[in-house]
Amino acid sequence: MGIVVNILVLLVSVVAIMFVQASSSPTQGMSGLYSFSESYAEARNKLVQAEYKESLSGQVSLSSKEQTASNIFSQLQQKEALIMGDKFPPAFNFFDYRGYIDNSSVVFPLLRSMPKGSVLHVHTDSAGSYDYIVYNSTYSPYAYIYTLENNTSLPYGSLHFFPSPPVGVPGWVTVPSLRSSSPNATQFDLDLLRNLTMRDRDYGDYLALWTRFDGLFAHVGGAFSYIECARGYVRHIFLEMIQDGVLHLELRSPVASYTMYDLKNNTYSFEYFLNMVQDIVVDIQMSVNPNFSVGVIISIIRSVDVDTAYTYMYEALQLRNKYPGFILGFDLVGPEDEGNSLLYFLPAFFKIQNISSTMQYDLPYFFHAGETLFSNNTNLYDAILLNTHRIGHGLQLQKHPILMDIVLKNKIGIEICPISNQLLEYTPDMRLHPGFEYFNRGLPITISPDDPALYGYGGVSYDYYFVTVGWTLDLAGVKQLVLNSMLYSAFPDDATRTRTYNEWTIQWDNWIDNIIQTYNQL
């Protein structure tokens with residue numbers, strides 16, 4: 001960093017001297033001005049290149065084939081800009097412009113087919129589109145929906161599964177019966193799916209948005225907690241991610257949010273759920289892609305008290321030592337401005353640190369920090385001091401130059417979630433997203449979807465589109481983002497890391513060949 005700064009200072013000094021020399025020789029004539037222009041252009045180009053090399057784009061070298069594909073990619077970016085005009089999707093609400101992205105974008109199809117490496121920030125109960133729940137689970141005769149309003153403890157539209165109608169609890173109606181009585185079953189399912197997303201709820205200040213955001217989990221919680229629905233939905237998540245070009249997935253899974261159940265009134269522990277997820281991963285590896293891998297970061301809501309947090313952290317530590325290649329670490333989730341700070345939980349962290357020293361594996365942290373509009377939020381300080389492996393969101397990091405230097409020096413990955421940040425009103429215009437500054441400073445950012453189900457999609461392609469078009473990234477920059485996703489993955493071992501990277505390299509090379517073959521007439 002210091003070398004680059006010195007280069008920039010030197011270049012600016014050279015340009016200033018040339019300007020003074022040129023200004024002091026008014027009788028040089030046109031030949032003198034021409035010479036000055038050449039020198040100025042050379043100095044200017046060096047300045048531009050010095051800045052480019054500091055960015056993530058400057059950290060990767062492209063092969064000759066990749067450079068050919070990069071030229072095509074840039075031409076498509078220019079074509080997209082001409083088509084868009086003032087209708088620039090990354091600057092507008094995703095819900096309003098998704099149709100354009102799907103139907104008119106020339107860049108999005110390329111990004112959708114791009115091999116994406118890893119997704120590092122996504123929450124299990126909203127990691128895949130809710131299409132599976134609507135078009136599969138709610139066709140069960142045991143699927144019920146709550147139809148009464150003004151119930152503060154049970155929102156209208158909540159889903160649950162019962163073996164028979166609940167006795168003494170009015171308002172529950174089977175979804176199949178409502179569907180069959182609807183004049184348009186197709187529209188019924190679309191409305192049901194819409195009811196499970198932030199569509200038409202993404203307005204107002206972001207604290208109010210969080211209230212509506214959390215309310216959606218109440219709508220779907222009864223469905224996700226039903227063990228058969230959960231089993232099918234988790235498999236759906238994995239298949240959707242694989243179809244979107246993802247090889248490795250790290251899920252934030254809540255240890256205490258749901259009690260899993262079946263139709264015989266049996267309940268299931270969190271560990272049972274984790275074993276079920278591992279079984280699904282093995283099945284996917286055997287039937288779909290042997291190189292697909294999944295890890296779990298255990299999470300709790302940050303509104304709990306410190307003693308409760310310690311209890312769940314200790315459980316997470318035990319599970320990590322029992323399943324060290326699968327349980328990756330721990331996080332606190334939920335709105336930072338309304339929940340407790342990391343500093344509040346310091347006694348629990350210290351106790352866990354002491355206990356960890358007696359076990360084979362410690363409990364790594366992957367903290368949400370800086371997901372706020374308030375500059376007085378202090379979680380970034382504590383996340384870094386507690387040796388977090390990655391930072392979730394980190395939107396306020398741009399206001400802390402020393403912390404940015406530490407993140408860069410210590411290679412702490414930053415999990416950027418573009419569409420989530422937009423729809424929750426943190427950064428309505430992607431051109432102003434702080435991640436763009438992080439990218440240009442060479443900070444180790446990665447791209448993730450956060451809660452894509454609540455935004456009506458699956459995978460991570462739309463998020464890549466928002467940053468690629470919003471920040472006008474070249475192919476080198478996009479490649480480095482994908483490489484970062486694997487570099488900052490918490491793979492269980494070097495063999496898995498190598499296997500994932502090798503598989504991705506094959507897919508990437510094929511993708512580059514396809515770009516050249518498809519668009520060679522540009």
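Mentor: Start with Val 296, whose bridge partner in β9 is Ile 327. Strand β8 (residues 293-301) pairs with β9 in the parallel sense, over six bridges. Strands here are DSSP runs of E with at least two residues, helices are runs of H or I with at least four, and both are numbered from the N terminus; two strands pair if DSSP finds at least two bridges between them. Keep in mind that this is a predicted model: local features need pLDDT of at least 70, side-chain atom pairs count only at pLDDT 80 or more, and totals for chains, interfaces and linings use all residues. Residues are numbered from 1 along each chain as its sequence is written, and side-chain values use heavy atoms, with hydrogens and water left out.

Now zoom out a bit. The open sheet has four strands, running β1-β5-β8-β9 with parallel pairing. At the edges you'll find β1 (117-123) and β9 (327-333), each with a single partner strand, so one side of each has no neighbour in the sheet. From one strand to the next, the twist averages 25 degrees.

What packs on the sheet? Helix α11 (residues 270-287) does, touching β5 (246-254), β8 and β9; contact means heavy atoms within 4.5 Å. The direction of α11 makes about 160 degrees with that of β8. Angles like that run from 0 to 180 degrees between N-to-C directions, with axes as lines fitted to C-alpha atoms, for helices over the stretch in contact.
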